[in-house]
Each structure stands twice: as C-alpha cells, then as structure tokens.
Amino acid sequence: MARQVCIIGGGVIGLASAYALVRAGHDVTLIDARDTLGSETSFANGGQLSYRYVAPLADAGVPLQALGWLLRGDSPLKLRPRLDPQQWRWMAAFLGACRGSVNRRNAAHLLRLASLSQATLQQWREDDRLDGFDWRRNGKLVTFRNADTFEHARRKVTDILQQQVLSAADCTRLEPALASGGFVGGIYTPNEEVADCHAFCQRLAARLQASGHCRFLLGRKVTGIRHSAGAVQAIELGEEVMPVEQLVLAAGHRSAELGLPGLVLPLYPLKGYSLSVPIGAQHRAPNVSITDYDRKIVYARIGEQLRVAAMVDIVGFDAGLEPKRLALIRRQAVETFPLAGDYAQAVEWAGMRPATPTGVPLIGASAYRNLWLNLGHGALGFTLACGSGQLLAELIGQHMPSIDMQGLAPRAA
Ligand SMILES: Cc1cc2nc3c(=O)[nH]c(=O)nc-3n(C[C@H](O)[C@H](O)[C@H](O)COP(=O)(O)OP(=O)(O)OC[C@H]3O[C@@H](n4cnc5c(N)ncnc54)[C@H](O)[C@@H]3O)c2cc1C
C-alpha cells in the first residue's frame, strides 16, 4: 500500500530514506531547515564508504587511552565539559559501552547494516544509473606508526573481510604517495569505496524531484510535533501546522530537539573537521583511501580534491571552525602527503556527527505508531545511509526487512 511519508531532515540519511521510499512506491514530503540539501554534516565529510571498518568508538581500553590523549597538545580528541545534562548522560552511557563484548556485538550489527548499504548503493547505481558523485572502489589502507597498535590490529585481521597485512615497503608500493614514511605497516581492504557525500545528496535530490513523487520544503524549520493517542498528528512549521500520515525523524544531531514525551534519543554531536585540498596535474595525491590510525586522520581522493578529515571534539553544539584544530590537521597532512595538493587553497569545514553512545544508529518504529526514526549514524552516516534508507522503506511498507534488525531497532524510544 502506497503511503504518504513526511521526512524531517535532508542530509544523506533523510535523502537516502526518501529515495528508497519513492523506489518502493510511496509519496514523500521532505523538509529541511536549510535552503540547500545535504549542507550540514553531510556536506564535506571524509567521503569514505568504509563498509568493513565499522567498529564503534566505545571499546575496552578507550577511556584510559582517551585520558592519555586529553593531556596531549596534538590530541585527536577534545573534551570541553559543559553544564549540560545531555552531555553528561551521553558520556556516562558511552563509558558503559566501553567493553570488549559490547563493542564486538555492536560491530556485528554495524557490519550487517554496512553490507546491506554497499549492496543497496550498487543496486541504485546499476538499476537507476545513479552517478555523478565521484564514486570509486579504490580500496582502503589503514596505516600504523606504532608497532604495538599494528601488532594488535593485525591479530584481528580476518579473511572474511578480505583484508591483507602489508609491510611498510608494501604500503608504499601500493600507494606511492606514502613515500614520506613514518609507518611500520598497514592493513589493506580492497573492496572499500569513496565518493562525494554532498554530490550524492544532490544527485538523490535531482532524481527524487524528477520522479514526481517527492516534494521538498526547504528553508522550513520544524518547530514541534503534535501528537495524541500514541500517534503523531501533525508537525509545526512556526505558525503553520501540517498534518502527517507517516513521519520520519532524520534530523541528524538536532533530532533530540524535537523530542516528544517518552521519546528518549541518546544523541550528542561529536564535532569533526575537514580540509578539501585541490589537486593539480603536478601533485601526487593518494588514490587509495588512507586512515592514519595513530593520528586518527582519514584521507580520501574525491575527484580532483583530497579530503582530509579528523578530530572528535565533545564541545557542545557550536559548529564553528576552530583555527587551532584545523592548523593541526593541516600540519599533519602536509607532513604525511607533502605533495598531495595545493594546501594554501584548502577549504576548511566543521561538522557534527550525530552520535549515539554505542555507535549504533536507531532505525525503525518508535513508541509513537506512525513515527519512524533514522538517526544517530555518528562517524558512518555516508557509509550506512543507503542500507538505513532501504530498511526504513521496508519497515514502513510492512515488508520483511532485508537483514536481522537485532540491535538496530530503537527499543525504549
Ligand atoms: C569530520 C567528519 C568526517 C566524516 N567522515 C565520514 C566518512 O568518511 N564516512 C562516513 O560514512 N561518514 C562520515 N562522517 C559522518 C557523516 O557525515 C554523518 O554521519 C552524516 O552526514 C549524518 O547525516 P544525517 O543526514 O543524519 O545528518 P545531516 O547531514 O546533519 O542532516 C540533518 C538535516 O536535518 C536538518 N534539520 C535538523 N533539524 C531540523 C528541523 N527542526 N527542521 C527541519 N530540518 C532540520 C538539517 O538542516 C540537516 O540538513 C563524517 C562526519 C564528520 C563530521
């Protein structure tokens, strides 16, 4: 049965949800507070479609490691404690999830969703000839500077994920742009992909527009959700009240602002930064996506630019650029890839990862019978978007979901 679905949020998650819903025969109205789609956290993220590296941040040993980082000037992590119960609740839940067994269980849920995501994007690219977003299957190399972290990581390598352990010399053979050295080895995963998330959002929007089954309301902020008898009835757009049949909340890190009684969304923004460095004919940028494990920086060649992304700052909701953090990323990038691009022309950006404490998103039905959630994708929103959209469309259409929903379906929410 075709349904009328209203989606709040036009980032990569809301747009992928709309695309999957329209493909399944539903009609969508998508609302975003911004005038341009995909212009918040989905704008200039790392671009990595990291389908096999999905282990959540919360893990055994992380609290101790984080304490060590916080004492360093070049730390990839920054914490500014605030008088904000949301921040403290989130951190308490995060610490609770820092156990090996919890990490393994959540990583398995994410891996299932990531596989579905990869297959779904492939299907959309092939069936619908969806293109124009600099997609490539370029492989991903995680490099290690520290012998202990390398040893620890190589013990976890599995054939199932088709990973290969490489020496430092092998890493440089695979990716000559790594010639500046500083690495003891790496782990290569050939099937990982890369693309431009903002361009992907624009392409989805164009196809949705052309379908005749999606209406966009841009520059319109949803200010409230009206409900009665366990169902949502309407949304408020300032003075205007718009009735809804089915409602999807996909408003990224701001989703909790639209809370309803009994709807607890354990979300907090983890701020990160990126540089987009133009690549000219004379430059030597990496082709393979690189994750510098010990510095927690990712590098991805997206078309004619090198995207450098890093940092996890737990500092509240201010998405402003912080010159010191960006200068550190720039210094480390130049040190690692001195000839990769024109760093003087790099475009700086900051974004807010919509993070749950466990790193696992909430996808599916809520405590309100016609309110659906698709949020909390943290550091992996681009990677997980197509699978999450597909699952949501299946659930709203009352079909059997493509994968086991264990761990992904919202519980108390
Ligand atoms: C530095 C950095 C690097 C990253 N690198 C990667 C990567 O390499 N690979 C990867 O998979 N992921 C990466 N991510 C994560 C990824 O970018 C996010 O998970 C993803 O963009 C989240 O998408 P979203 O649609 O949930 O949120 P958003 O893109 O933020 O979209 C939410 C939308 O909701 C709208 N909205 C909010 N409130 C309202 C309201 N009340 N009314 C109307 N509209 C509203 C906003 O305007 C916004 O457009 C990275 C993130 C950062 C910060």
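Residues are numbered from 1 along each chain as its sequence is written. Because the model is predicted, local features need pLDDT of at least 70 and side-chain atom pairs count only at pLDDT 80 or more, whereas totals for chains, interfaces and linings use all residues.

Helix H1 spans residues 12–23 and helix H7 spans residues 197–211. Their axes come within 10 Å and cross at roughly 35°. Axes are lines fitted to C-alpha atoms, for helices over the stretch in contact, and angles run from 0 to 180 degrees between N-to-C directions. The crossing of H1 and H7 is left-handed; in this sense the near helix is turned anticlockwise from the far one by less than a right angle. Residues in contact have C-beta atoms, placed from the backbone, within 7 Å. On the H1 side, the contact includes Leu15, Ala18 and Tyr19; on the H7 side, it includes Phe200, Leu204 and Leu208. The residues of this contact divide into 12 nonpolar, 1 polar and 1 charged.

The largest nonpolar core has 116 residues. Such a core is a set of buried Ala, Val, Leu, Ile, Met, Phe, Trp, Tyr and Cys residues joined through C-beta atoms within 7 Å. Buried means that 20 or more other C-beta atoms lie within 10 Å of the residue's own, with C-beta atoms placed from the backbone. H1 supplies the largest share of this core, 9 residues. Ile7, Ala18, Val308 and Ile329 have the most contacts inside the core. Leaving out residues up to four places away in sequence, Ala18 touches Ile7, Val28, Leu30, Leu208 and Cys214.

An open sheet of 6 strands runs in the order E9-E2-E1-E13-E20-E19, with mixed pairing. Two strands pair if DSSP finds at least two bridges between them. The edge strands are E9 (214–218) and E19 (362–365). The twist averages 20° from one strand to the next. E13 (residues 246–249) and E20 (residues 371–375) are parallel, with 3 bridges. Leu249 stands opposite Leu373.

A second open sheet has 3 strands in the order E10-E11-E12, paired antiparallel. E10 and E12 (240–243) each have a single partner strand, so one side of each lacks a neighbour in the sheet. E10 (residues 224–228) and E11 (residues 231–237) share 5 bridges. Ile225 stands opposite Ile235, and Arg226 has Ala234 as its bridge partner. The E10–E11 hairpin has 2 residues between its strands, and Ala229 in the turn has a positive phi of about 50°.

Methods:
Helix = DSSP H or I, 4+ residues; strand = E, 2+ residues; numbered from the N terminus. Contact = placed C-beta atoms within 7 Å. Nonpolar A, V, L, I, M, F, W, Y, C, P; charged D, E, K, R; others polar. Buried ≥ 20, exposed ≤ 12 C-beta atoms within 10 Å, placed from the backbone.
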